[in-house]
Amino acid sequence: MVPRLQRRAIDLKPACREIELGVAATLPSTASRPGAPTDEAALNRLVALVHDDLEACNRTIVARMQSPVALIPQLAAHLVAAGGKRLRPLLTLASARLSGYAGGERHINLAACVEFIHTATLLHDDVVDESLLRRGLASANAVFGNKPSVLVGDFLFARAFQLMVADGSLKVLEILSRAAATIAEGEVLQLVTQNDLATTEERYLEVVKGKTAALFSAACEVGAVVAGRGAAEQAALAEFGLNLGIAFQLVDDALDYAADQATLGKTVGDDFREGKITLPVLAAFAEGDQGERDFWHRTIEASEQTEADLEHALRLIERRGAISATLDRAVCFVDTAKLHLAAFPPSIWRESLSDVADYTVQRAR
């Protein structure tokens, strides 16, 4: 029985300790603002707000995926057909508009750059994880093989850096190149912590900040940079993106144990089969009795799994409220993210980004 994705009043550790007291003002929560979108409508609203910019970004992505080497656009077309929320480039476009950017195409090209970095990491991750599904379709490595996937991922990284250089800003180059390096560090750190139940929550969050949140942070920060905003606003958007990215990954990790596979678009239980250390496992392990801990030691640390073990793992995660604990932590990071938007005056852009942050912890895929 797959546990439902719900929150209950369970504390793994004291919540919200990352909220920074120096933020001067707070934003109203979704619950307190009548009529605020509470589901995918929030994302659709942001897409509508940046419609023209997003269309231009998509055209840039398609144009930059072209190559005389036929396999590259073929594999790239497979990725485009799989769809995706384009959340990271959306954040770049919206952050630039929030910051007052009103002319030129820098934000469009950098949004495409962010999407290339993200897509390249997906190609590499699916090879490392031996994933067979991506967004409900066969993954690129399942269709084309591992070697083409890795090499086309490298091509997309190169395209990203071409866009950075073309922008001409050393600050932008610094932010995005640092993010690319941090993503790689996060993925390697995840390999180091794999199968290790002694991993602390703090160490787990280091992985999350590296492999996911760093690009969210950079995607938002460059929006302020192209608009010529000062260091305070740049830092505020960087922190907004960082905390949003952490929340996003926490929900992803919860969904791996709590989602419907057809809705999720990838195989449920992959993290369990691969022995990845995520917060649902850490929470269930911490709250479990000796028999449950022995189960986790066998299946995660020793990688000795039977066909029945995933269902048992799901039951233990539900019994110990591990999904609830994970989502509670995600909500804390979303609340922190929204605090940093207070660096900007009220606007439709600030409201929409706040709503998208709330959507992050309510999504089903």
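Modeller: pLDDT is the predictor's confidence in each residue, from 0 to 100. This is a predicted model, in which local features need pLDDT of at least 70, side-chain atom pairs count only at pLDDT 80 or more, and totals for chains, interfaces and linings use all residues. Residues are numbered from 1 along each chain as its sequence is written, and side-chain values use heavy atoms, with hydrogens and water left out.

Biologist: In which helix of the protein chain is confidence highest?

Modeller: Helices are DSSP runs (H or I, at least four residues), numbered from the N terminus. The protein chain has an average pLDDT of 86, and 85% of the residues score at least 70. Confidence is lowest in α11 (residues 261–264), at a mean of 51. The highest mean, 98, belongs to helix α14.

Biologist: Is α2 oblique or roughly antiparallel to α5?

Modeller: Axes are lines fitted to C-alpha atoms, for helices over the stretch in contact, and angles run from 0 to 180 degrees between N-to-C directions. Angles under 35 degrees count as roughly parallel, over 145 as roughly antiparallel, 65 to 115 as roughly perpendicular and the rest as oblique. Helix α2 (residues 51–64) packs on helix α5 (residues 106–129) at about 55°, with the axes 9 Å apart. That angle makes α2, relative to α5, oblique.

Biologist: Is Thr 60 buried or exposed?

Modeller: Thr 60 lies in helix α2. Leaving aside neighbours within four places in sequence, Thr 60 is in contact with Ile 108, Asn 109 and Ala 112. Buried means under 20% relative accessible area, exposed over 50%, and partly exposed in between (1.4 Å probe, protein chains only). Because its relative accessibility is 16%, Thr 60 counts as buried.

Biologist: How is α4 oriented to α5, and which residues of α4 meet α5?

Modeller: Helix α4 (residues 87–98) and α5 pack at an angle of about 155°, with their axes 8 Å apart. That angle makes α4 roughly antiparallel to α5. In α5, the partners include His 107, Leu 110 and His 118. From α4, the residues are Arg 88, Pro 89, Thr 92, Leu 93, Ala 96 and Arg 97.

Methods: Helices (H or I, at least four residues) and strands (E, at least two) are DSSP runs, numbered from the N terminus. Contact means heavy atoms within 4.5 Å.
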